[in-house]
Amino acid sequence: MCVNYYLQMFLTNLIENHIIMSNEKLTILWTSGEKDVAAKVVLKYAEEIVEHKLWNEIEVIVWGPSVKLLCDDNAVKTKVEKLIYQGVEFSACIVCTDDYGVANILTQMGVRLEMVGEKLTHLIQDQKPLISF
């Protein structure tokens, strides 16, 4: 409850003050394997962005323990599938998917598999909008 309240306040502030530029791409780096972080922060934030059209493009990079959570938890998987349907891009670290043995599950969901280390380095060096959880 508390996390959702503060996230809603944060988003309301961004909307009211036009802080978010709607013509940019936001990359969300999701590394946490905790279900509450996924459901109440990462995916909730992505849902709010889609609903309020705060960014033209959103990509969620699934890296590390979040890969396992996404494959193991049906509620999380369902939310991700809905976001993909709504146009949110999801990609996952191919090394992580191999480590957890879940590459087929993610590709069937529509998650793109790629080497993310270099991609993240370029995003940071180019000062592209990036938020991580």
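The following dialogue examines how terms are applied to the protein chain, a predicted model.

Biologist: What conventions apply to this predicted model?

Modeller: Residues are numbered from 1 along each chain as its sequence is written, and side-chain values use heavy atoms, with hydrogens and water left out. Because the model is predicted, local features need pLDDT of at least 70 and side-chain atom pairs count only at pLDDT 80 or more, whereas totals for chains, interfaces and linings use all residues.

Biologist: What makes up the secondary structure of the protein chain?

Modeller: There are seven helices and five strands. Helices (H or I, at least four residues) and strands (E, at least two) are DSSP runs, numbered from the N terminus. In sequence order the pattern is α-β-α-β-α-α-β-α-α-β-α-β.

Biologist: Why is Leu 43 called buried?

Modeller: Buried means under 20% relative accessible area, exposed means over 50%, and partly exposed lies in between (1.4 Å probe, protein chains only). Leu 43 has 0% relative accessibility and therefore counts as buried. Leu 43 belongs to helix α2. Across the 133 residues of the protein chain, 39% count as buried.

Biologist: Which residues are in contact with Leu 43, leaving aside its neighbours within four places in sequence?

Modeller: Contact means heavy atoms within 4.5 Å. With those neighbours left aside, Leu 43 is in contact with Trp 30, Ala 38, Val 76, Lys 79, Val 80, Leu 83 and Phe 90. Leu 43 and Val 76 stand 33 residues apart in sequence, with 8.3 Å between their C-alpha atoms. For the chain, residues 24 or more positions apart account for 74% of the contacts with a separation of 6 or more.

Biologist: What makes a set of residues a nonpolar core, and which members of the largest one touch the most others?

Modeller: A nonpolar core is a set of buried Ala, Val, Leu, Ile, Met, Phe, Trp, Tyr and Cys residues joined through side-chain atoms within 4.5 Å. The largest has 35 residues, of which Ile 28, Trp 30, Val 60, Phe 90 and Leu 106 touch the most other members. Two or more residues come from each of β1, α2, β2, α3, α4, β3 (89-93), α6 and α7 (116-125). Helix α2 gives the most, with six residues. Leaving aside neighbours within four places in sequence, Phe 90 has contacts that include Trp 30, Leu 43, Val 60 and Arg 112.

Biologist: Which residues of helix α3 are buried, and what covers them?

Modeller: In α3 (residues 65-72) the buried residues are Ser 66, Val 67, Leu 69, Leu 70 and Cys 71. Their cover includes β1 (25-30), α2 (35-52), β2 (57-62), α4 (74-85), α5 (94-100) and α6 (103-109).

Biologist: Why is the pair of Arg 112 and Glu 59 called a salt bridge?

Modeller: A salt bridge is a side-chain nitrogen of Lys or Arg within 4 Å of a carboxyl oxygen of Asp or Glu. The closest N and O atoms of Arg 112 and Glu 59 are 2.8 Å apart, and the pair forms a salt bridge. The pair links distant parts of the chain, with Arg 112 in strand β4 (residues 112-114) and Glu 59 in strand β2, 53 residues apart. Arg 112, at 34% relative accessibility, is partly exposed, whereas Glu 59, at 1%, is buried. By this rule there are 11 salt bridges.
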